Amino acid sequence: MSAPAPSGSISVGPDRAGRTVHVHQGRVSAHPAPGAPVLACPDDLIEAGAVNAHTHLYSGLAPLGLPALDPAPTCFLEILERRWWRMDRALTPDSLRAAARLYLAEALLAGTTGLVDHHESPSMIEGSLDVLAAAFEELGARGLLTYGATERNGGPDEAAAGLAECRRFAVQNRSPRLRALVGLHAGFTVSDETIRAAAALCGALGLPLHVHVAEDGHDVTDARDRRHAGPLERLLALGALPPGSVLAHGVHLTHAQVTLASARRCWLVHNPRSNEGNGVGFAANLGASDRVALGTDGWPAEMIAERNAAVRLGLSRDEADRRLSHGHALLAGAFLATPAPWSPGAPGDLVVRRGSAVLHVVVDGRLVVKDGHLVHADLDEIRAAARAAAPLLWAAMARL
Ligand SMILES: [Zn+2]
């Protein structure tokens with residue numbers, strides 16, 4: 001991979017509300033950086049770039065005609081086994097690259113500047129995070145990358161390879177816009193030994209874990225069968241949840257378990273559209289924590305749509321807005337940055353909107369969308385590459 005671009009400096013504003021945001025070497029600053037470009041936006045409004053706190057770039061081609069399951073799945077495990085666990089095995093570097101570029105391009109154009117990705121590609125584990133990182137670097141987005149180690153295809157060796165990929169990327173990454181997390185797929189596809197290995201890696205690298213927890217009742221039953229109160233308690237008992245760990249879903253956590261996750265300084269990520277689509281239920285107890293962010297779990301990274309879905313499904317507007325804004329703190333923690341978007345030391349990630357339309361996007365002090373167009377890539381070419389890759393991926397899935 002070529003050397004990552006350095007962080008940028010820019011001043012944006014004043015906007016319609018009189019706000020000006022200075023970014024110096026990638027971080028918000030109280031003062032303009034000497035010689036930094038100025039992007040005036042007197043008719044528009046500056047807002048913080050949105051954060052998608054749990055997603056899967058590898059599924060980025062799904063909107064381009066992923067065939068429906070026939071016969072229709074009868075449970076969540078079937079959706080995993082027949083769709084997503086087939087797609088991840090069918091991925092090649094070309095299809096993963098096409099999916100990641102399309103997903104990130106559309107994310108930036110929707111005003112989403114930071115993405116917490118959870119990746120799996122069992123047929124090509126080593127180097128897979130570099131494919132994702134190259135797409136982030138090309139387009140200029142900010143991200144947390146992890147490989148979700150699992151034993152579901154190749155047993156303990158597969159899990160070891162997944163954790164090794166997390167380690168390799170964490171050690172080799174030089175991008176100021178990317179950080180690694182240690183990853184597990186979910187408790188129900190790994191042994192205690194793999195969870196202990198993930199815990200040891202978290203300790204060695206000083207990194208938190210990113211894992212699916214209690215997305216479906218199956219994860220809870222599995223943990224109980226292993227004589228734990230639940231999947232959260234199992235991960236905690238094995239030492240795998242350092243503060244800052246990212247727990248996706250928590251649909252089937254009790255109020256007391258959500259409180260426990262909060263006390264252990266873990267983040268929970270609510271993915272309302274995905275949960276509804278998969279029929280796993282609504283994560284009704286997440287309100288017991290004040291550390292809940294919003295993710296799309298592979299759905300397009302339009303965070304306003306995700307926020308609106310949360311409201312439609314029963315969340316108050318204030319709570320939905322709070323969860324959306326918590327993504328900033330989750331992401332900033334991984335970069336040792338100030339969590340409040342407009343404070344000095346916060347990540348220099350912002351969006352200029354004209355009405356509801358995204359006009360400009362700045363990430364890490366670098367302009368990555370200008371006048372509604374990607375600065376560093378050609379959207380038409382990205383879409384054409386994705387349209388070419390998608391049917392090949394569907395065909396490869398059908399052969400598995
Ligand atoms: Zn997920």
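## Close-up views of a predicted model

**View 1. A glycine just after helix H3.** Just after H3, Gly140 takes a positive phi of about 95°. Helices (H or I, at least four residues) and strands (E, at least two) are DSSP runs, numbered from the N terminus. Residues are numbered from 1 along each chain as its sequence is written. Please keep in mind that this is a predicted model: local features need pLDDT of at least 70 and side-chain atom pairs count only at pLDDT 80 or more, while totals for chains, interfaces and linings use all residues.

View 2. Why can H3 be called largely enclosed by the rest of the structure? Nine of its twelve residues are buried, where buried means that 20 or more other C-beta atoms lie within 10 Å of a residue's own (exposed: 12 or fewer; partly exposed: in between; C-beta atoms are placed from the backbone). Among these buried residues are Leu132, Ala135, Phe136 and Leu139. The length of H3 (residues 128-139) fits too: at 1.5 Å a residue it should span 16 Å, and its end C-alpha atoms are 17 Å apart, which agrees. The expected span is 1.5 Å times one less than the number of residues.

**View 3. Leu104 in the largest nonpolar core.** This core has 119 residues, and those with the most contacts inside it are Leu104, Leu108, Ala198 and Leu247. Helix H2 (residues 93-109) gives the largest share, eleven residues. A nonpolar core is a set of buried Ala, Val, Leu, Ile, Met, Phe, Trp, Tyr and Cys residues joined through C-beta atoms within 7 Å. Beyond its neighbours within four places in sequence, Leu104 is in contact (C-beta atoms, placed from the backbone, within 7 Å) with Leu57, Ala135, Phe136, Leu139 and Ala141.

**View 4. The five-stranded open sheet.** Here the strands follow the order S10-S11-S12-S13-S14, with parallel pairing. At the edges, strand S10 (182-186) and strand S14 (292-294) each pair on one side only. From one strand to the next, the twist averages 25°. Helix H5 (residues 192-205) packs on the sheet, touching S10 and strand S11 (209-213), and its direction makes about 160° with that of S10. Such angles run from 0 to 180 degrees between N-to-C directions, with axes being lines fitted to C-alpha atoms, for helices over the stretch in contact. Strands S12 (residues 246-249) and S13 (residues 267-270) are joined in the parallel sense by three bridges; two strands pair if DSSP finds at least two bridges between them. Look for Ala248, which stands opposite Val269 in S13.

**View 5. The four-stranded open sheet.** In this sheet the order is S6-S7-S8-S9, again with parallel pairing. Its edge strands are S6 (50-55) and S9, each pairing on one side only. Strand S7 (residues 112-117) meets strand S8 (residues 142-145) over three parallel bridges, and Gly114 has Arg142 of S8 as its bridge partner. Helix H11 (residues 317-334) lies across S6, S7, S8 and S9, at about 75° to S6.

**View 6. Leu181 in a loop.** Is Leu181 buried or exposed? With 26 C-beta neighbours inside 10 Å, Leu181 counts as buried. Leu181 sits in the loop between strand S9 (178-180) and S10.

**View 7. A hairpin.** S15 and S16 form a hairpin with two residues between them, and Gly355 in the turn has a positive phi of about 65°. Five antiparallel bridges link S15 to S16 (residues 357-363).

Conventions. Two residues are in contact if their C-beta atoms, placed from the backbone, lie within 7 Å.
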